[in-house]
Amino acid sequence: MSVKVFDTKEVRDLLKAATNLDGKGGNARSKEIVHRLLSDLFKAIDDLDITPDEVWAGVNYLNKLGQDGEAALLAAGSGLEKYLDIRLDAVDKAEGIEGGTPRTIEGPLYVAGAPVHDGVSKIDINPDEDAGPLVIHGTVTGPDGKPVAGAVVECWHANSKGFYSHFDPTGAQSDFNLRGAVKTGTDGKYEFRTLMPVGYGCPPQGATQQLLNVLGRHGNRPAHVHFFVSSDSARKLTTQFNIEGDPLIWDDFAYATREELIPPVTEKKGGTALGLKADTYKDIEFNLTLTPLVKGKDNQVVHRLRAEVVA
């Protein structure tokens, strides 16, 4: 039998006590947030008549999520990270900021510390017989449309097995394989010489896929390439593009696809002279346009725990 207890004084007092809402000490902002989240959870238990068995199944799931180290992966798959982007888009609109390369999610697999090269970086350290050569290049421009010198463009993506270096369960990849960073010159240009990636799927026995199975959802992403672009004169850009033609472009479990982030893939020759594994290679031009600082500050920098390795 369903009962309603959320609006009782006993529960209101419990929530205040559990979060020390009116007490001394602690962080006022944290108290406010935890009180709201705990209140919403208690109310959901009331409204949906969630049973104790279901509550403890949820607690056990959180334990597994932590053990698997997949909280950031679930943030992408649950739409949480996309929701943050939707809010940031709305903030830009309210600030009157227009144009610029669209943002999209960072995802959970960035690693800080990649060596920075001037203009061009060849980032395929390990051979991969199942991946063809790829050149990604473009120009970084500022809000005024002019090339940005000294911008740092960081790039990372998966190999032909759908694994990222530093997170590869097979242990087959060297540090910073398929990861790199370049600093633009006065022409604002950058270039990465690499191999064609494929998409990836969530670990099949992991907590994220466990929840997706319950929801009747897949946990796969289309082939894509991630970018950070940083400059002292503009806001940091977090984005990625999808590889044109991938069948999952509009069925990305992480909701990262945007219409403007699907650049055309062309075929070129001359790869041997560029140090590529074959003379014929795929070419993607992906130009990056930065947006202005807000009152002299960069409101796009997100502080979150990230992996870091000293190269």
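Which residue in β11 is the bridge partner of E267? The close-ups below will take you there, and to a few other spots in this predicted model.

**View 1. Strand β11 and its partner β10.** Here is the reply to the opening question: E267 has K282 as its bridge partner in β11. The two strands involved are β10, made of residues 265-269, and β11, and they pair in the antiparallel sense over 5 bridges.

**View 2. Strand β11 and its partner β4.** K282 turns up again here, as the bridge partner of L134. Strand β4 covers residues 133-141 and strand β11 covers residues 280-285; they pair in the parallel sense, with 4 bridges. In general, strands of a sheet pair through backbone hydrogen bonds, and they do so either parallel or antiparallel. K282 is a handy residue to look for, as it is the bridge partner of L134 and also of E267.

**View 3. Strands β5 and β6 side by side.** Moving into that sheet, we meet β5 (residues 152-156) and β6 (residues 179-183), which run antiparallel and are joined by 5 bridges. Look for C155, which stands opposite G180 in β6. C155 has a relative accessibility of 1%, so it counts as buried.

**View 4. Two cysteines, buried or exposed?** Both C155, at 1% relative accessibility, and C202, at 7% relative accessibility, count as buried. As a reminder, a disulfide is a covalent bond between the sulfur atoms of two cysteines. This structure holds 0 disulfides.

**View 5. Where helix α3 meets helix α6.** Two packed helices are described by the angle between their axes and the distance between the axes. For α3 (residues 52-68) and α6 (residues 207-215), the axes come within 8 Å and cross at roughly 140 degrees. On the α3 side, the residues are Y61, K64, L65 and D68, and they meet A207, T208, Q210 and L211 of α6. Sorted by class, this contact has 4 nonpolar, 2 polar and 2 charged residues.

Key:
Residues are numbered from 1 along each chain as its sequence is written. This is a predicted model: local features need pLDDT of at least 70, side-chain atom pairs count only at pLDDT 80 or more; totals for chains, interfaces and linings use all residues. Side-chain values use heavy atoms; hydrogens and water are left out. Axes are lines fitted to C-alpha atoms, for helices over the stretch in contact, and angles run from 0 to 180 degrees between N-to-C directions. Contact means heavy atoms within 4.5 Å. Ala, Val, Leu, Ile, Met, Phe, Trp, Tyr, Cys and Pro count as nonpolar, Asp, Glu, Lys and Arg as charged, and the others, Gly among them, as polar. Two strands pair if DSSP finds at least two bridges between them. A disulfide is a pair of cysteine sulfur atoms within 2.5 Å. Buried means under 20% relative accessible area, exposed over 50%, partly exposed in between (1.4 Å probe, protein chains only).
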